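Visitor: I would like to learn how to read a model of this kind, one feature after another. Please give the general idea and then the case at hand.

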Amino acid sequence: KTKRKRIKKKNKDMIKVSSSGIEISSDRYLTDNATGLFFWLNLFILMKLDILSYLNIDSLSGIKTITIGVLLFVLSTAVGLIISVFSYMLLEWLYVQTEKFWMKLKWPLLPIQFVAIYDELVQKYNLSSDNCQSFFVLIEEVLIAQKVNLERFLIQRGIRVLLRNLSFILLLDVILCAIPCTWNAFVQSAVLFLCAIILLFISGYIGFFANVGLLLKYEINK
């Protein structure tokens with residue numbers, strides 16, 4: 001019974017239905033809706049660049065184009081969810097490595113002068129790059145149980161998942177661009193691959209920053 005209440009509360013937080021309409025949580029929008037919309041935009045750009053020339057939409061009439069556009073918009077959430085699943089299975093381990101990189105570097109904390117406090121908390125809880133992930137998950141569960149407002153951190157998590165998903169889409173583009181096996185195709189693939197890696201590092205940066213915020217929140221609310 002308690003588990004059912006938690007599930008209902010979680011669903012209520014993600015999707016709220018009221019007389020004014022349907023509200024989707026910001027982190028859910030970032031991870032699913034925005035990913036799906038970017039995927040359709042990416043597909044459209046590939047068609048315009050003749051990389052997917054066999055998908056010709058120029059011959060469609062105005063009504064058909066509008067109908068397809070509305071249908072794709074409706075399906076964007078489902079497509080984004082599928083991409084999130086695949087990007088998690090294939091890229092999450094690499095994201096964890098990038099977050100460990102930022103944890104060791106600690107550069108993101110320099111602008112806000114949080115390095116000294118962070119080092120103190122790391123020593124206090126005996127954190128390392130190997131056990132930090134499980135510890136961050138644990139303190140997040142504790143803060144949720146204490147009903148602490150984590151909206152800002154959920155938004156940051158949503159952004160980092162969005163960037164991971166975009167990186168996955170760009171890696172798919174790398175494969176499609178490399179198919180002609182020409183010099184131009186090689187250059188395009190190399191640029192897209194570099195952009196995908198950069199997005200992963202930025203994703204790790206944001207994820208690390210969010211986890212540090214959770215750590216400070218946990219320390220304050222103990």
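Guide: Start with the elements: helices (H or I, at least four residues) and strands (E, at least two) are DSSP runs, numbered from the N terminus. Thr98, for instance, lies in helix α3. This is a predicted model, in which local features need pLDDT of at least 70 and side-chain atom pairs count only at pLDDT 80 or more, while totals for chains, interfaces and linings use all residues. Residues are numbered from 1 along each chain as its sequence is written, and side-chain values use heavy atoms, with hydrogens and water left out.

Visitor: How many helices and strands does the protein have, and in what order do the elements run?

Guide: There are 7 helices and 2 strands. Read from the N terminus, the order is α-β-β-α-α-α-α-α-α.

Visitor: Is Thr98 buried or exposed?

Guide: Buried means under 20% relative accessible area, exposed over 50%, and partly exposed in between (1.4 Å probe, protein chains only). Thr98 counts as buried because its relative accessibility is 5%. Leaving out residues up to four places away in sequence, Thr98 touches Leu200, Phe201 and Gly204. For the protein as a whole, 37% of the 222 residues count as buried.

Visitor: What does Ser76 contact, leaving aside its neighbours within four places in sequence?

Guide: Ser76 is in helix α3 (residues 62-105) and, at 2% relative accessibility, counts as buried. With those neighbours set aside, Ser76 is in contact with Asp32, Asn33, Gly36, Leu37 and Trp40. Trp40 belongs to helix α2 (residues 26-48) and is buried as well, at 19% relative accessibility. Besides Ser76, Trp40 touches Leu72, Leu75 and Val79, again without residues up to four places away. Trp40 and Val79 are 39 residues apart in sequence, with their C-alpha atoms 9.2 Å apart.

Visitor: What share of contacts in the protein joins residues at least 24 apart?

Guide: The share is 79%, taken among contacts between residues at least 6 apart in sequence. A local case is Leu170 in helix α6, which touches Leu192, Cys195, Ala196 and Leu199, not counting residues up to four places away. Leu170 is buried, at 11% relative accessible area. By contrast, Val191 in helix α7 is partly exposed, at 47%. The C-alpha atoms of Val191 and Leu170 are separated by 9.8 Å.

Visitor: Why do the buried residues of α5 line one face of the helix?

Guide: Check the length before the faces. The expected span of a helix is 1.5 Å times one less than its number of residues. The 14 residues of helix α5 (residues 132-145) should span 20 Å, and the end C-alpha atoms are 20 Å apart, which agrees. In α5, Cys132, Phe135, Phe136, Ile139, Glu140 and Leu143 are buried. Seen down the axis, they fall within an arc of 140°, so they line one face of the helix; the arc is that of the directions from the helix axis to the C-beta atoms. The face turned away from the buried side carries the exposed residues Ser134, Leu138 and Ala145. Just after α5, Lys147 takes a positive phi of about 60°.

Visitor: Which residues of the largest nonpolar core touch the most other members?

Guide: In soluble globular proteins, nonpolar side chains tend to be buried together. A nonpolar core is a set of buried Ala, Val, Leu, Ile, Met, Phe, Trp, Tyr and Cys residues joined through side-chain atoms within 4.5 Å. The largest here has 21 residues, of which Tyr118, Tyr125, Leu127, Phe135, Ile139 and Leu215 touch the most other members. The elements giving two or more residues to this core are α3, α4 (115-124), α5 and α7 (183-220). A second, separate core of 20 residues includes Val96, Leu162, Cys177 and Leu200.

Conventions: Contact = heavy atoms within 4.5 Å.
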